[in-house]
Amino acid sequence: MAPETSAKSDLPQGTLDLLILKVIALGPVHGYAIAQRLQQVSGDVVQVPQGSLYPALHRLENRGLLAADWKDTETGREAKFYRLTRKGRSALHAETASWRRLSDAIAVILRMSEAGAE
Amino acid sequence: MTWWQRVLRRGRMEELLERELRFHLDAHTADLVARGVPPDEARRLARLALGGPEQVKERCRDVRGTRWLDDLWQDVRYALRDLRHRPGFATVALLTLALGSGATTVMFTVINGVLFAPLPFADPGSLLNVEEQTKGTVDYRFGDRWAFSYPNFLDCRREVRSLRMGAYRYNGGTVSGSSADPERVDGLQISAELLPLLGVAPIAGRTFVADDDRPGAEPVLIISSRLWRRRFGGSPSAIGSKIVFDATPHTIVGVAPASFTLRNADVLTPIGQNTLGFMRARDVHPGIGVWARPRPGTTLAEAQAELDVVARGLAAQYPQSNAGRGFIAEPLRPAVGDVGSTLWLLLGAVSLVLLIACVNIASLLLARAVARDRETAMRAALGAGRGRLARQHLTESAVLGLCGGALGLLLAAAAVRPFVALWPGGLPRSNRVELDWRVFAFAIAVSLACALLFGLAPVVRASARRMEQALRAGARTVTASRRLHSAFVAAEIALAMVLLVSAGMLAQTLMRLWSIDPGVDVRHVLTSRMAISPAVVGDPARARAAWRDVLDRAHTVPGVRAIAMVDTVPMRSGNNQLGWWTAPPEPERMKKPLALANSVTPEYLAVMGIPLRRGRFFDEHDRLGSERVVVVDEVMAQDAFGAQDPIGRRLWTDLLPDPLVVVGVVGHVRHWGVAADDGARVRDQFYYPFAQVPDGYVRRWSELMSIAVRTDVDPLTLVEPLRHALRGAAGDQVLYATNTLDELAAATLAQQRFLLALFAAFAGLALLLACIGVYGVLAYLAGQRVPEFGVRIALGATGRDVIELVMQQSAAMIGLGLVAGAGGAWAAARVLQRLVDGVRAPEPSTLAATTALLVLPALFASFLPARRASRVDAMTALRQE
């Protein structure tokens, strides 16, 4: 692993699927583009393991949340483009909502503990 | 993509995965190059970022959910390749397995057909058998179950709303008429509803209707497919033509399908046309069987309740005959006699052979697993999970087992027909024996069970060991398997001993039985059922004359020395038991002793070679009107009169109200068979002259009569001359069921002979397999001890010492096996004694002989590896360390 990336945090368990679904929700996209976008969006904060990307994509495809088509990219090469299925979209909504609830709850807890320390 | 698509389009999926990852790497590399990274470095970084394409691929494969199947397939291919690379092991293992599972499958196929196949009728599960049942009184001859009397059947059929009922009664007879020779056929009288009730539709013509099934209706009959082909060549013109059955012309109205084989009947007639006296009586039970089926929406319990009501009504109306008499309906089961116990016995015996085969293969696999210890440990060290390794072991044995099972199934398919044909006396329901899905399921289950059995040993052992120990220990791992190997040898010896002792007991039994005198001189005697002309059988005087004519004519046939009539031929299934007493008053019915009653003509003693002990036998002067005489056998003389002289004493029987006078005593005949007679319930025998049978009985007696002929020549050469001489004036008298007495005597031992032959074969096979097993195990164990022997020899041990060492090891295993086998053999002996007539507890000589037969080859099998071990060169052996 390159030394400059080792300082970043690992992705919390189960969030990779959510991020992938979110990226794909913006429109059909291939695996490399997903990796890039995750990299860009998360910047230096979160380490997205590229090696886990494809197994996750395939798992989501097998579960019917994603569908895939082989299409040409703008550079003229054929690539596998993933898109959300109806099931994938509702899963994204559910996951997003539950993530919000969780992070809100955690934020509240964190604030309380700060207040207690004062 | 569904799971199945992922399984089936595996290659395509791999290709797409490859392309997807290649695109990713190419795109990443291109981006890096565009940012100024040199191409080689860019490619390296891209691969690094992805984390290694092969690992990613593996993880993608994992999420497909088809991984276990890929592994399985890989293991199967590995196992097959492995078998191909070891043709010696593969041949021995597959052959033993095929023999073992093939024999087991044959036995199961027969059991499946004979005991489990449904009856060949529509919806056989709902068919009921209805019998009369006496409450409170149990006749010690017939128990409490009785065939129906015809009036009782008619009342039940009319009164019981919830049941459709049909009746049948055996009625053999002579078919003549059309161009072919007269022949004796089995027949049934059936009520009109029987065939529709069973769902049996005629293949030509019609079935009986109610109007056929009444006294005085026009005589009609339905013939079997067999008779149709035999006498009419299967021509449709047979329908409507006439055929003479028992002297009465009948119109053929239908042909039964070939699947209808009830009582082997060739001729079906309406039971309602039978107007003989016993059909109107309620107190006789002329063998009428009743089958029924609940009407839609009713249950067995409702039907039984209705039958009970009818029974109570009849008991009130006809107390004389029907008091205490009920009707009982039960699910109809196929009648197969006591074949079941023999079949289970044989299945048990072949299972033992199969078990030995399994143990053999287990010991081979174990030896190989020990040899592969280091490979296994290496693979475990490289990251193969213990479960994964165990799975691979089991897959290998499953492949071996299934291959053996498939071969066994082929073997069974080829062997089952010949086996059924060999069954002594014909296997009941043998037409139902076929390979169906149950047999396939059984064969597969047996193969997998075997695979588990012999595949488990290496797995159990492997998981009990620690792998680093294996890596370190190198060649010295054999101690770990020695105990299991000893157990295998002991198990094989024990199983083989059970079979050998069983075979020995059967041989001992047959040898004893063969030396027993059956009480008749079985050589040069021909016996045959005979039907005299149906035209005269109803008239006593003419029937007697016809029989006299038969005896006279038979005497004119060259080669006939003596001829007699007899109703119950020894060692055939004839049977007429009568109660007797020696002084009035007549005892209660249930307390009378029984004797076998034989109605014969004067030359009977000469024909059968039965010795006369006292007094005289019958002659021409014993006839109707003269003093009624009887001759008893020595067993009955003893039972009836003790030490007193029986001659001149009086004897009452169920046959006649008046007493008979004893005029002679003859030797006992083993009527029930050479083996079975000792244990028979009825051993008393008496003879009375056919000439003194009252007129009222002549018809029935004539229907039951056989002739017995003592010949100067081979009895079978006289069958045709006799058949010709005895055809009678109208040419409608027939001989049927013809046997030599020799054959009948041999047939009574057929079950024992058949079992002995099979057990001997199984025991021989078991012995062979056990010896191969002992040899294999000891060769292996001795081979593993070569370095040790080298040290011993270097330190001064002789070859003899080494042989002793190995033989001690082997003797300990064999001894253990004998101890275990003795227990098994004891159990097997008990089973045989219960199931087979004439088998007694094994004699010490039998035990000694069978033990020697087992131990000597086993010791020899272990001597060979021992001798080889003794010739070890000390230096070579030590260098092997």
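Which strand order and which pairing does the open sheet of three strands in chain A have? Before I answer, a word on the model. It is predicted, so to speak of local features we require pLDDT of at least 70, side-chain atom pairs count only at pLDDT 80 or more, and totals for chains, interfaces and linings use all residues. Residues are numbered from 1 along each chain as its sequence is written, while chains are lettered from A and ligands numbered from 1 in the order in which they are written.

The order is β2-β5-β4, with antiparallel pairing. Helices (H or I, at least four residues) and strands (E, at least two) are DSSP runs numbered from the N terminus, and two strands pair if DSSP finds at least two bridges between them. β2 (29-30) and β4 (66-72) of chain A are the edge strands, each with a single partner, so one side of each lacks a neighbour in the sheet. Two bridges connect β2(A) with β5(A), and His30(A) stands opposite Phe81(A) in β5(A).

Let me turn to the interface. Here 13 residues of chain A are in contact with 16 residues of chain B, where contact requires C-beta atoms, placed from the backbone, within 7 Å. On the chain A side, α2 (31-42), α3 (50-62) and β5 (78-84) each give two or more residues. The largest share, seven residues, comes from α3(A).

Chain B is assigned domain 1 (3-65), domain 2 (125-331), domain 3 (339-515 + 750-879) and domain 4 (533-732); such bounds come from an automatic or database domain assignment. The centres of domain 1 and domain 3 of chain B, taken over C-alpha atoms, are 53 Å apart.

Next, a helix pair in chain B. Helix α5 (residues 67-85) and helix α14 (residues 386-422) of chain B pack at about 60°, with axes 9 Å apart. Axes are lines fitted to C-alpha atoms, for helices over the stretch in contact, and angles run from 0 to 180 degrees between N-to-C directions. α5(B) and α14(B) are therefore oblique to each other; angles under 35 degrees count as roughly parallel, over 145 as roughly antiparallel, 65 to 115 as roughly perpendicular and the rest as oblique. Among the contributors to this contact are Leu72(B) of α5(B) and Val399(B) of α14(B).

Finally, two backbone details. Most residues other than glycine have a negative phi, and most peptide bonds are trans. His524(B), not a glycine, has a positive phi of about 60°. A cis peptide bond, with omega about 0°, joins Pro584(B) and Pro585(B).

Note on methods
Contact = placed C-beta atoms within 7 Å.
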